[in-house]
Each structure stands twice: as C-alpha cells, then as structure tokens.
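Here is a briefing on one structure. It covers surface patches, salt bridges and a sheet.

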Amino acid sequence: MSVRFDVACCATQEQFRRETRAITHAGQIKDPSGRHEKDDRHRIDDRSRYVLGWSNSAKIAALEVKRRQLETRLAEVASQIGDIQKERDGLANRLDALTRLEEFTSFDELDWASITTEIAQLTDERIRLESASDVLKQLNESLRTLQKTHKETSEKLQDVRDRRAREEQKHSDARELRQQTEALLAGVVVDEALAEKLEAMRAEALGEHQLTVESCDNREQDVRAWLQHKIDGVDDKIRNLAARIIKAMVSFKETYKLETAEMDASLEAAFEYENLLAQLNRDDLPRFVTRFKELLNVNTINEIANFSAQLARERETIRERIAHINKSLGGIDYNQGRYIVLESQPSPDAEIRDFQMELRACTAGAVTGSEDAQYSETKFLQVKAIIDRFRGREGLSEQDRRWTAKVTDVRNWFLFAASERWREDNSEHEHYSDSGGKSGGQKEKLAYTILAASLAYQFGLEWGAVRSRSFRFVVIDEAFGRGSDESAQYGLKLFRQLNLQLLIVTPLQKIHIIEPFVSSVGFVHNEGGRASKLRNLSIEEYRTQKAALIQPSAESGNH
C-alpha cells in the first residue's frame, strides 16, 4: 500500500513540475520551456497586483490607498477643467462682441454722444424762440387745438364708416339668406301637422323668445341640442329596457334549460319567446298544474327512494362480502394460533355524511306524511339540489363530477381495518388500521392473507375441500418480483391450500421460490428483440436438466 502511495506522489510532483510556472525575486517568470519573461509595466513590490498568499488584506489596503489617490487626482483634474471652461466662456463672449463690431464700417455710426448733444441744442433753441415771440406761441397753441379737433373728427368718421359697412354686410347677408330660404321652400308642401309639432317643440325648447333673422341660426342650434338630449334620453331608456329583457331571458333559460336549449338570450330571438308563450297559452297548461305536481311528487319520491335503496343494498352487499371473506380468513393461520378478521366502520368524511343526510331528508315522511306535506316544494328543492350536483353546476362541473364519483361509490362509505385475533378466545392481538410502521415482510404477508381470502370468496371456494367444481384459475404477473422469499413462500402455501390453478409469470431469479409449488415451467426467450421462443418443460425435466448443468460446473470448480 505504501509503495503505491509513493509512486502516486512522484507522479503528482512530476505533473506539477511540467504544468506550473515560477517567478523570481526580480519579477522574471520562468515557464517549463526555460524561457524567462518580465513585465516592466508595474513595480515588482506593487501589492495591488499580488494574487497569492494566506490573506489578501495587504492587497486590499494597497488598492484602497490607490483608490484614494485616484479620487484626489480626479478632483484636481475636475477643478482644472472648471477653471479652463470658465476662461473659455469669457474668451467666447469677447470674440462674439468683436464679431458684432464688424457690422459698423464708420465711427459715425457708433457716435451717439454727438447726436445727443445736437438734439439738446436744437431743443433749447426752439424753447428760446417760442419764449421770445408771442405770435409764434399763439400759432402753436392754435395748431395743437386744430390737430386735436382733426383727430377727433377723423375718429368719428371712421366709426361711421365702420357702422355703415356692418349694416351693408347685414343687409347683404339677410338678402342672401332670404334667397336661400326661398330656394329651399320652392316646391315644398308644408305639412301643417308637422309644422304644429315643430312649433310646440320650439316653444318647449326655447320658451318665451322673440325670433329675429340674426338669431335664427343660434336658435336652430338650441332646438337641435334640445332634441338630441330628448333622443339620448329615449335611447338610454331603450338600452335599459333591452338589458332587463335580456337579463329576464337569461334567467328564464337558466330555469328552463331543456326547453330553451336552442333559444338565444337576445332581442333578435324575442319571437322565439313569443312563440313559446303563445304555445303555452294554447296548451292551457295551468289547468294541469295540480295533476303535474301530483305526478311529480309521486314519481320523484319513488325515484329518489329507489336510488337510496340501491345504495343501501350495495352497502349491505359490501358487509356481506366482508363477512364471507372473514369466514375464509378464519381458516388461514396468519401466525401460530392467530387469524385475521376484516373490520369495517362508517367513513367520517364530511361530504359523504352530508350526502347521506340529504338522502334521508329527501325520503323522510314519504310513507307517513300527509298528502299536502308528503312532498312539498321544500322536498322538491332538496331533490333538485342533489340532481343539479349530479349533472354538474355551471362553473363547478369538474368539482361536482369528483363529488358525484365519491359519494355514489359505496366503497367510500367505509373505512377498513384488519384485526389479528387469538383462536382460543377470539381476543385481539393487534389492530391494523393501515400498513404504516410495518416491515415489508409484514405488509406482504397481510396482503397475501387478504388476497387469498378474497379469491376464496370471489371463486366461491369451499375451504379445505380437495375437489370442487368451482373455477380456480389465477394468473400472477411478477407478484413475487420485489418481495422477500419468505413472504412469497407464505403466499404460495396459501394458494396451495385453496387448490388454486396458478399461472405465475416471474423472472428467472425467482424460479427457486416457485419451483416446489408448480408442475411445469415455460421458458420464454427473445433474442435480439425480434422473435420470442417458448420452451415447455415438466418440473421433473426442469430439475433433471438443471442438475445436468450444475454438475459439470461443480466438477470444473473442484479441478
């Protein structure tokens, strides 16, 4: 063991030598080929580039220092950039001012001071002249008065011209409107009744109002808006009425699904409902209400009673079968001096209990009740609720289907258990409510025991009878493939006590278990998966050929 370990260590070292690189104190890297390389871009003692060692604290500290240095440098660069940007903006403003100066070719264009001085001199001179001459002063005042009067007169003239233009435009519009109205009324016969209705609508819409040529268009819009409001109100009423009608149709279809299966819940299908109403009126169905209820009461109570009785019969059948199976189990020794008894208890499931209570409520008073109370509307609703769940309610069809399969399967009405008892006094040794906590062999043994008793009941076998005319053929397909040998032998012994004719399908590794219990064997071989071959042998032939094959193998092993 130590030699192999040394060889493995040498091989590992040789492989490590071939595949690894090394670095010198000077930073040179030596690869397996003997070549030396050195990267001078970074210092050899730069710990931020280290990747090996027991701890990376030094590398982290070096990187933190480098980060702070870079942050400081970055702040300085950002400050320099700001100063340069400010200086650049000042130069740009100066450049813009100098560019605008190129628009002026002479200094006179920029010399505003001399022009201002000249204006001030002329103004002073005008004031001196006016002060020195009274005639000039009077003339200036007369001029200002005339100018003011002229301005007022011009404004009045413009107002008059504007009013005249508006009047002419109104006159032109009125003449054009008159021509359009005459053209519209040409050849039209006025309906006096319609005119009266329109007049009444106009009075209701506008109230006391004097019509003019100018207000006709506006009043037309007012009447149109009033009419549209009335129309919208009527449309809303129609829509609400249609919604109520459709809702009533949906409710009617939900109540009478069979009669309305081919009818739609829409206004277009209203004639179908009218036809149905007419047919009902023709048939005069109210005359038959009493007779219909009487038949409904009698037939429905009978059907629900028959259904309840059928379930009760199936429940009693299960109890009888358990009693028969227990009779068969009594003849089987489960353990030395003990036997198995099957027990059944009512299921505590809430849905099953509620269903049983509903059935009893539907049939309660069916025999002793009076004619009035025997089957009231309450009874009918109880039966209808059960039948609706059987059919499947809308939106709950899958849930109702599972519920129906559960409550109508009488086997779900029971909880089954097994009791192991002593033969001498029938006292209970152990109770099996399920197979939990049992070993695999105990589970198989219990299953084989109950299976044998069930076969005895199913075939009508007479326990202990050697010859019987009952059918006893059983096919077992790989029943012993995964079980223990002891459990398989126990089951086969039970089947032999019942004198069953067995056809057992099992892999070859289990042939030694069933060999003592069969009279012939058949080997099935399929080479290549294309064609199967069957070879039939009696148990004696099988044992002879098996011994012939085992003997040469034993002799060759001795040699």
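Glu152 is partly exposed, at a relative accessible area of 41% (buried is under 20%, exposed over 50%, partly exposed in between; 1.4 Å probe, protein chains only). The model is predicted: local features need pLDDT of at least 70, side-chain atom pairs count only at pLDDT 80 or more, and totals for chains, interfaces and linings use all residues. Residues are numbered from 1 along each chain as its sequence is written, and side-chain values use heavy atoms, with hydrogens and water left out.

**Surface patches**

- Glu152 sits in helix H4 (residues 134-185); helices (H or I, at least four residues) and strands (E, at least two) are DSSP runs, numbered from the N terminus.
- Patch members have over 30% relative accessible area and no salt bridge; like charges are joined within 9 Å, nonpolar side chains (Val, Leu, Ile, Met, Phe, Trp, Tyr) within 5 Å.
- A nonpolar surface patch consists of Leu98, Leu101, Phe104, Phe107 and Leu110, together about 500 Å² of accessible area (Shrake-Rupley method, 1.4 Å probe; for residues, only the protein chains shown count as cover).
- Leu110 belongs to the loop between helix H2 (57-101) and helix H3 (112-132). Its relative accessibility is 37%, so Leu110 counts as partly exposed.

**Salt bridges**

- The whole structure holds 21 salt bridges (a side-chain nitrogen of Lys or Arg within 4 Å of a carboxyl oxygen of Asp or Glu).
- Glu64 pairs with Arg67, with the closest N and O atoms 2.8 Å apart. Both lie in helix H2, 3 residues apart, about one turn of the helix.
- Glu64 is partly exposed at 31%, and Arg67 is partly exposed at 39%.
- Glu64, Arg67 and Glu71 are linked in a salt-bridge network.
- Glu316 and Arg319 form a salt bridge at 2.9 Å, N to O. They are 3 residues apart in helix H8 (residues 289-329), so about one helical turn separates them.
- Asp349 and Lys406 meet in a salt bridge at 2.8 Å, N to O. This pair links distant parts of the chain, 57 residues apart: Asp349 is in the loop between strand E4 (338-346) and helix H9 (350-363), Lys406 in helix H11 (residues 397-407).
- Asp349 is partly exposed at 24%, and Lys406 is partly exposed at 26%.

**Sheet**

- An open antiparallel sheet has 3 strands in the order E1-E2-E3; two strands pair if DSSP finds at least two bridges between them.
- Its edge strands, E1 (22-23) and E3 (36-38), each pair on one side only.
- Strand E2 (residues 28-30) pairs with E3 over 3 bridges. Gln28 has Lys38 as its bridge partner in E3.
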